[in-house]
Every structure is written in structure tokens, then in C-alpha cells.
Amino acid sequence: MTNELYHHGILGMKWGVRRYQNADGSLTDAGRKRAEYKINKAFKKSDKAIMKYKSYDRQYKLADAGAKEALTPALYGRWVTSGARMDQTMRLNQLKKLSEKRVNQVKEYINKFSNDYYVSYDVATGNYSLKEK
């Protein structure tokens with residue numbers, strides 16, 4: 001007995017035949033569905049990242065305003081320069097960069113298909129779909 005692994009491809013798949021793309025570069029139905037799935041997933045991730053950033057930003061502003069009212073100027077000055085305040089600022093910057101990164105990923109992915117398709121949003125289902133130009 002030998003310890004070798006053999007792989008002969010996908011059953012029924014022909015050599016050189018693509019599942020998601022035609023020979024001319026256009027997408028097959030399966031490729032369009034796959035692209036729509038990836039676009040919807042990317043949009044949801046970017047929306048989630050943006051909402052998280054806005055939520056944290058709102059919370060930090062409220063905490064800052066509350067501390068400013070409750071503390072004396074000297075104690076507020078210490079709180080602003082404390083590690084907790086710096087951690088808040090760093091976390092907020094990280095979330096902002098993440099949300100910008102997610103939005104750019106969506107834009108890049110949509111630009112791949114911009115020559116042949118346009119992205120439309122269906123309000124009833126809340127999903128994005130690719131339509132041929």
C-alpha cells in the first residue's frame with residue numbers, strides 16, 4: 001500500500017471548459033449567479049463595517065461629552081491623555097480604515113464587470129444583481 005493521493009478533476013468536467021466564463025469572456029448563468037452572490041456578500045460586509053464605525057463614533061462622542069460635563073477640567077485633562085482614551089481613538093481609526101477597505105473592495109469587484117454588466121439593486125429583495133448592458 002502506498003500513501004499517494006490522486007486527483008483526476010471534477011467528474012464530468014471537460015478539459016479546458018470553464019464553468020463560470022464563456023470563451024469570449026462573458027459570464028455563464030452560473031458565473032453571473034456566483035458574481036451576484038459575491039457582490040451581495042461584499043456589500044453586506046461593507047455596510048456592517050460602516051455601521052460599526054458609526055456606532056462606535058457615536059458612543060465615544062457621548063462618552064466624551066459626559067466626561068467633560070462630569071469631571072473637573074483637571075480630571076478631564078487626565079482622562080483625555082489616559083490610555084483608555086487613546087485606546088478609543090486607536091479603535092475608531094482601525095474601524096474607519098476597515099470600513100474604507102471594505103468599500104474599496106466592493107468598488108474593485110464591481111469594476112471587474114463594468115464593461116459588460118451594470119449592478120442594479122432590487123428594493124423588494126434587498127439584493128444586488130448583474131444586468132447585461
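A search of the whole structure turns up 2 salt bridges. Please keep in mind that this is a predicted model.

Start with Arg32, which forms a salt bridge with Glu36; their closest N and O atoms are 2.9 Å apart. Both residues sit in helix H1, 4 residues apart, so about one helical turn separates them. Arg32 is partly exposed at 24% relative accessibility, while Glu36 is buried, with a relative accessible area of 14%.

Next is Asp57, which pairs with Lys61, and here the closest N and O atoms are 3.4 Å apart. These two also lie in helix H1, 4 residues apart, about one turn of the helix. Asp57 counts as buried at 19% relative accessibility, because the cut-off for buried is under 20%. Lys61 is exposed, with a relative accessible area of 54%.

Now the surface. Which residues form the positive surface patch? They are Arg19, Arg34, Lys38, Lys41, Lys45 and Lys112. Helix H1, residues 29-70, supplies the largest share of that patch, 4 residues. Lys38 is found in helix H1 and is partly exposed, with a relative accessible area of 36%.

Last, Tyr118, in strand E1, which covers residues 117-122. Tyr118 is partly exposed, at a relative accessible area of 42%. Leaving aside residues up to four places away in sequence, Tyr118 touches Ser129, Leu130, Lys131, Glu132 and Lys133. Gly9 is 109 residues from Tyr118 along the chain, and their C-alpha atoms are separated by 33 Å.

Terms used:
Residues are numbered from 1 along each chain as its sequence is written. This is a predicted model: local features need pLDDT of at least 70, side-chain atom pairs count only at pLDDT 80 or more; totals for chains, interfaces and linings use all residues. Side-chain values use heavy atoms; hydrogens and water are left out. Patches are made of residues with over 30% relative accessible area and no salt bridge: like charges are joined within 9 Å, nonpolar side chains (Val, Leu, Ile, Met, Phe, Trp, Tyr) within 5 Å. Accessible areas come from the Shrake-Rupley method with a 1.4 Å probe; for residues, only the protein chains shown count as cover. A salt bridge is a side-chain nitrogen of Lys or Arg within 4 Å of a carboxyl oxygen of Asp or Glu. Lys and Arg count as positive and Asp and Glu as negative; His and the chain ends are not counted. The place of a charge is taken as NZ of Lys, CZ of Arg, CG of Asp or CD of Glu. Buried means under 20% relative accessible area, exposed over 50%, partly exposed in between (1.4 Å probe, protein chains only). Contact means heavy atoms within 4.5 Å.
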